[in-house]
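Hello,

Here is the structure I said I would pass on. My notes on what was found in it follow below.

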Amino acid sequence: MAKQERAIRTRRAILEAAGAVFDEHGYTTTTIAMVLERAEVTKGALYFHFPSKESLAQAVLDEQVPFGAIPSQPCKLQEVIDITFVVGQRLLSNALLRGSVRLAVDQCAPPGVDHTGPFRQWADHLTPLMEQARRQGELLPTVDPRDTVELLVGSFTGIQLMARALTGRADLGRRLSVLWSHMLPSIAVPGLLLGLDSRADRGARVLGSLDSLEPLDPLARAVS
């Protein structure tokens, strides 16, 4: 058990270091040596978990969607809103998530790295929530859940890139609030609009409530 826990911690340390380096340098410029230095692990430990730079990049990409995890809510449209704000808030401080987002839009990644994965995974994750919102009468009858989710994913991607370039994502919450202020009237039933919360600090407030529920053991957090 102790050996397994050490392996989990080592793998996580490598992923977090790789995320930071990929975020700072992009795929092409990043080297295994950079990741080793940042993670403070041996080459053997890294290659035990990740046999190549491509596999390491893929693992970083695959970490993206879990960072949007939040407790289920009765209003599924609010749950979708909260996921976007939570991801936006985590982008401010989480190097692994930032690295995953950087890789997703890095067109220099080789064919062996599927940087399209997060876009499909986000759509697959959010579409059932939007479909449930439709079944619960939260959406206008003209709304197609999959089309709406793909528009949202594409819009979020562009907005976070713009916020990264202009302010280091410091104003991402405000930009997401503006996005939702334009989207919600075109997808939500009028009676729901006043009850939906898409204020700029929504991500910080949701994460604040999550922190009180998270386990104290950092290993448990890493694998949860």
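**A buried valine**

Val-35 is buried, with a relative accessible area of 1%; buried means under 20%, exposed over 50% and partly exposed in between, using a 1.4 Å probe and protein chains only. This is a predicted model, in which local features need pLDDT of at least 70 and side-chain atom pairs count only at pLDDT 80 or more, while totals for chains, interfaces and linings use all residues. Residues are numbered from 1 along each chain as its sequence is written, and side-chain values use heavy atoms, with hydrogens and water left out.

Val-35 is found in helix 2 (residues 32-39); helices are DSSP runs of H or I, at least four residues, numbered from the N terminus. Leaving aside neighbours within four places in sequence, the residues in contact with Val-35 include Ile-14, Val-21 and Leu-56, where contact means heavy atoms within 4.5 Å. Val-21 is 14 residues from Val-35 in sequence, and their C-alpha atoms are 6.6 Å apart.

**Two domains**

The protein is divided into domain 1 (1-61) and domain 2 (65-210), with bounds from an automatic or database domain assignment. Their centres, taken over C-alpha atoms, are separated by 27 Å. In domain 1, 17 residues are in contact with 19 residues of domain 2.

Which residue forms a salt bridge with Asp-23? Arg-98 does, with the closest N and O atoms 3.2 Å apart. A salt bridge here is a side-chain nitrogen of Lys or Arg within 4 Å of a carboxyl oxygen of Asp or Glu. The rule finds two salt bridges across the interface of the two domains.

Regards

Methods:
Helix = DSSP H or I, 4+ residues; strand = E, 2+ residues; numbered from the N terminus.
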